[in-house]
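Here is a short tour of one model, meant to be read with the structure open beside it. Shall we begin with the charged pairs and then work inwards?

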Amino acid sequence: MPLKDNKQLTAFLPGTIVDVKVKVGQQVKQGDILVILDAMKMNNRIISSLNTTVKEINVKAGDRVVKGFVMVVLD
């Protein structure tokens, strides 16, 4: 799971958001699935590497993202 500053989850490949499993303000634990990204015909689970709170969500199901796009920001 690509991280920028350990709190910004970015797309590691261009793709389409299949599902967003969390909401802003939600408590998440290390290993929780945050987003499912379809890239190269594979559903990739983007997971939390921290026990924290979701601060910002910049995607919704159906969105296309480019490599490096910040999908979720953790607090």
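## Salt bridges

Asp63 and Lys60 join their side chains in a salt bridge, with N and O 3.1 Å apart; the term stands for a side-chain nitrogen of Lys or Arg within 4 Å of a carboxyl oxygen of Asp or Glu. Lys60 is exposed, at 55% relative accessibility. On this scale, buried is under 20% relative accessible area, exposed is over 50%, and partly exposed lies in between (1.4 Å probe, protein chains only).

The whole structure holds two salt bridges. Lys21 pairs with Asp19, and their closest N and O atoms are 3.0 Å apart. Both partners are partly exposed: Lys21 has a relative accessible area of 44%, and Asp19 has 27%.

## About the model

This is a predicted model, in which local features need pLDDT of at least 70 and side-chain atom pairs count only at pLDDT 80 or more, while totals for chains, interfaces and linings use all residues. Residues are numbered from 1 along each chain as its sequence is written, and side-chain values use heavy atoms, leaving out hydrogens and water.

## The nonpolar core

Which residues have the most contacts inside the largest nonpolar core? They are Ile17, Leu34, Val35, Leu37, Met71 and Val72, in a core of 16 residues. Such a core is a set of buried Ala, Val, Leu, Ile, Met, Phe, Trp, Tyr and Cys residues joined through side-chain atoms within 4.5 Å. Strands β5 (33-39) and β9 (70-74) each supply at least two of its residues, and β5 gives the largest share, four residues. Strands here are DSSP runs of E, at least two residues long, numbered from the N terminus.

Val35 is worth a click. Beyond its neighbours within four places in sequence, Val35 is in contact (heavy atoms within 4.5 Å) with Ile17, Asp19, Asn44, Arg45, Ile46, Met71 and Val72. Asp19, then, is both a contact of Val35 and a salt-bridge partner of Lys21.

## Two buried loop residues

Ala11 sits in the loop between β2 (8-10) and β3 (15-20) and is buried, at 2% relative accessible area. Setting aside residues up to four places away in sequence, Ala11 touches Leu37, Val65, Val66, Lys67, Gly68, Phe69 and Met71.

Ser48 belongs to the loop between β6 (42-47) and β7 (52-57). Ser48 is buried too, with a relative accessible area of 1%, and its side chain reaches the backbone oxygen of Leu50 at 2.6 Å.

Methods. Polar contact = N/O pair within 3.5 Å; in protein donor to acceptor, adjacent residues only side chain to side chain.
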